[in-house]
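Please read the briefing below alongside the sequence and the coordinates.

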Amino acid sequence: MPGADGSRLGHPSAAKALHWITAVCVLGMLGVGLWMTGLPLGLLKLQVYAWHKWIGLTVLALTLLRLWWRWRHPPPPLPGALPLWERRLAHAAHGALFVLLIAMPISGWTMNSAAGVGLYWFGYLPIPDLVPRDPALFEALRTVHRILSKLLIAVVALHVGAVIYHDVFRRDGIFRRMWFSGGKAP
């Protein structure tokens, strides 16, 4: 959506769709990931773990697609009225989100491989192991996955906090750039 100076204020619809599909998957994954570890061993736990892995691989695919899209269609620049520190923090937070959205699924995939458990995406597409079965590596990767999840929660919380700050308090239109109803600043 062009601004008064001809620049594009909002993100293209494809970028918005990829963002929101990924956001729903990630928020669901974090919630399910925290819940599933306490389940007693049984069919429900196995099913929930399978869905967790499938959605994790989906997040990885969506993130790689988003990075490809951003490379082909750079996002609109942040408004010049934003202080330099806010622009730098926004770029750093987005970079951290992308790194974590790749590292989390890869750590889970590698952990699954080290556990010696076969993986079929949504029960059909066989996913190759990244490493051979190795119980010690599995335990190390479990710790890495847990640490990455905590980092992801922190960065997502920062991201959501920034959205609230910009949309509710500053009312500067930053959030509306990624929302489907437009990209105009109030």
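How close do the axes of α2 and α3 come, and at what angle do they cross? The axes come within 9 Å and cross at roughly 145°, where axes are lines fitted to C-alpha atoms, for helices over the stretch in contact, and angles run from 0 to 180 degrees between N-to-C directions. This is a predicted model, in which local features need pLDDT of at least 70 and side-chain atom pairs count only at pLDDT 80 or more, while totals for chains, interfaces and linings use all residues. Residues are numbered from 1 along each chain as its sequence is written, and side-chain values use heavy atoms, with hydrogens and water left out.

**Packing of α2 and α3**

- The crossing of α2 and α3 is left-handed, meaning that the near helix is turned anticlockwise from the far one by less than a right angle.
- Residues of α2 including Gly 56, Leu 60 and Leu 67 meet residues of α3 including Phe 98, Ile 102 and Trp 109, contact being heavy atoms within 4.5 Å.
- By class, the contact of α2 with α3 has 11 nonpolar, three polar and three charged residues, with Ala, Val, Leu, Ile, Met, Phe, Trp, Tyr, Cys and Pro counted as nonpolar, Asp, Glu, Lys and Arg as charged, and the others, Gly among them, as polar.

**Helix α4**

- Helices (H or I, at least four residues) and strands (E, at least two) are DSSP runs, numbered from the N terminus.
- Helix α4 covers residues 135–170, and its 36 residues should span 52 Å at 1.5 Å a residue, which agrees with the 51 Å between its end C-alpha atoms; the expected span is 1.5 Å times one less than the number of residues.
- At the start of α4, a side-chain oxygen of Asp 134 reaches to within 3.1 Å of the backbone nitrogen of Ala 136.
- Among the buried residues of α4 are Phe 138, Leu 141, His 145 and Leu 148, and what covers the buried residues includes α1, α2 and α3.

**Ser 107 in α3**

- Ser 107 lies in helix α3 and is buried, with a relative accessible area of 5% (buried is under 20%, exposed over 50%, partly exposed in between, with a 1.4 Å probe and protein chains only).
- The side chains of Ser 107 and His 145 are joined by a polar contact of 2.6 Å (a pair of N or O atoms within 3.5 Å; within protein, one must be able to donate a hydrogen and the other to accept it, and residues adjacent in sequence count only if both atoms are side-chain atoms).

**Positive phi values**

- Phe 122, in the loop between β1 and β2, has a positive phi near 55° and is partly exposed at 33% relative accessible area.
- Arg 171, in the segment after α4, has a positive phi of about 50° and is exposed at 55% relative accessible area.
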